[in-house]
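User: I am new to this structure and would like to learn how to read it. Please take it feature by feature.

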Number of protein chains: 2
Amino acid sequence: MQGWESIRAEVLSRIQTRLWPPGGLIPSEEALALEFGCARATVNRALRELALQGVLERKRKAGTRVAALPIRKATLDITVIRHDIASRGQSYSFHVLSQGLSHPPLMVAARLGLPERILMIHLQTLHLADGKPYLVEDRWLNPAILPDPSPDFTRQSANEWLVANVAYTTGDIAFSAEPANLAEAAALNVPPGTALFITERATFAGDHPITWVRLSHRPGYRLQTVL
Amino acid sequence: MQGWESIRAEVLSRIQTRLWPPGGLIPSEEALALEFGCARATVNRALRELALQGVLERKRKAGTRVAALPIRKATLDITVIRHDIASRGQSYSFHVLSQGLSHPPLMVAARLGLPERILMIHLQTLHLADGKPYLVEDRWLNPAILPDPSPDFTRQSANEWLVANVAYTTGDIAFSAEPANLAEAAALNVPPGTALFITERATFAGDHPITWVRLSHRPGYRLQTVL
DNA sequence: AATATTATTATGTCTGCACATAATAACCGC
DNA sequence: GCGGTTATTATGTGCAGACATAATAATATT
């Protein structure tokens, strides 16, 4: 037995075998350090990791207990679309469907905390994998963040220009299922009403709104991860 | 300036202001510890956190660099359905639609690594929020893990019995959009073909398969999180 | 020149020790 | 008893120093 990972494994196994039942207190860091013959910091590292995972619940003075209803945390990798497609071994390309300045829908302005009557850059892009439609991107960009000669989004996708030029910090993301509207249906070459997997994201740099984007994936798309 | 969190914040701001550009090397832990007037362990804690978040990429000897294409990690809380509904301030109830032993579909058996001709417990449950259909659960249970007098799943939902009685470790989860089939449409009281948000999960305790479950959410459901 | 060997270096982790902090338990005066 | 003050305790974080490890650079060998 050596290393904080082996301690984490040992603790996990004691939880699985119900030696330490759900909701029960486990020994203190100090006691465990003594038992495992290591420093308290090492035990701390192992327990902190398990708490982050949702397996343990820790409170000062109260001690550490096994989570009664463990809230498992699944982590999704949010990456650049090109990478997503390339990692499937497919070739990537994209095509700008439309581009222009207009007033965003109320919903978009609200999500970004912008006035409804502001002019924003509206971009619709089709992303293809092996030449076949993969997803439609519907993006609204805050013009305030763009350099004066606006970048050419037909060359570098807005997606990639942003990650390369605006190091954003916060944001939120939502997943849902929706029937394809006419534009999506046409772009993806599917009948209107087809069930599509939708990703919607709003990103900010600090309090500064950057962009709102909606990705409508082709039918059959699965977002997958391990627990 | 004090504490590893403030160091993380400072590093992040240097990345955002492009003082340390994407793809570029940042000073070594030792150098930063000297600059910030703290121990190397403190810098390490801050940088490790940022690397976990996907902002930095670290390699021994090679040093630490700002991720060129940062892979943001969104974490989803996978919780018990009752909690999910209760946290919305709605009342929870459920109703077992069907229950019995039968052979699982090929897909389910394959995902769990079980022979196709095995008999499994098949449960279909409707979960309701404020009395209205919220989602349909289609679950296949490995009978090998159940105690001899099988628990009464009409009293305690299989979902909760499992988290309380089987401390699972691994598993995978997938999200997709699919048109409602006849059974789902009937249970959720929507027209067949309606776009539904689907969650599919396979869970194992070690190598031991436990259960496979498919959750079909009512239209309008959104899975949301922060980045 | 190509390959194998040996430094070198930055991160990864561990150890003891210390103090800070938050939550609980014990106490005490009324 | 009751309410407020004061220990007590487990976790959270910090420090300085040490060795381990992996990846690279430099060197020696064939």
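This is a predicted model: local features need pLDDT of at least 70, side-chain atom pairs count only at pLDDT 80 or more; totals for chains, interfaces and linings use all residues.

Analyst: Residues are numbered from 1 along each chain as its sequence is written, and chains are lettered from A and ligands numbered from 1 in the order in which they are written.

User: How many helices and strands are in chain A?

Analyst: Helices (H or I, at least four residues) and strands (E, at least two) are DSSP runs, numbered from the N terminus. Chain A has seven helices and ten strands. Its radius of gyration is 24 Å, well over the 17 Å that the globule rule gives for 227 residues, so chain A is more spread out than a compact globule. The radius is taken over C-alpha atoms, and the rule is 2.2 Å times the number of residues to the power 0.38. Along the principal axes, the C-alpha atoms of chain A fill a box of roughly 65 × 35 × 30 Å.

User: What is the order of strands in the open sheet of seven?

Analyst: Strands of a sheet pair through backbone hydrogen bonds, either parallel or antiparallel. Two strands count as paired if DSSP finds at least two bridges between them. Here the order is β10(A)-β7(B)-β8(B)-β9(B)-β6(B)-β5(B)-β4(B), and the pairing is antiparallel. β10 (222-226) of chain A and β4 (92-102) of chain B stand at the edges with a single partner strand each, so one side of each has no neighbour in the sheet.

User: How many bridges join β8 to β9 in chain B?

Analyst: Eight bridges join β8 (residues 195-205) to β9 (residues 208-217) of chain B. Within this pair, Ile198(B) has Ser216(B) in β9(B) as its bridge partner.

User: Which residues come nearest to DNA strand C?

Analyst: A residue is near a strand if its C-beta atom, placed from the backbone, lies within 6 Å of it. Around DNA strand C there are 22 residues, and Gly3(A), Cys38(A), Ala39(A), Thr42(A) and Lys61(A) come nearest. α3(A) gives the most to this surface, with four residues.

User: Which residues are closest to DNA strand D?

Analyst: DNA strand D is surrounded by 21 residues, the closest being Lys61(A), Gly3(B), Cys38(B), Thr42(B) and Lys61(B). At least two residues each come from α3 (40-53) and β2 (63-66) of chain A and from α3 (40-53) of chain B.
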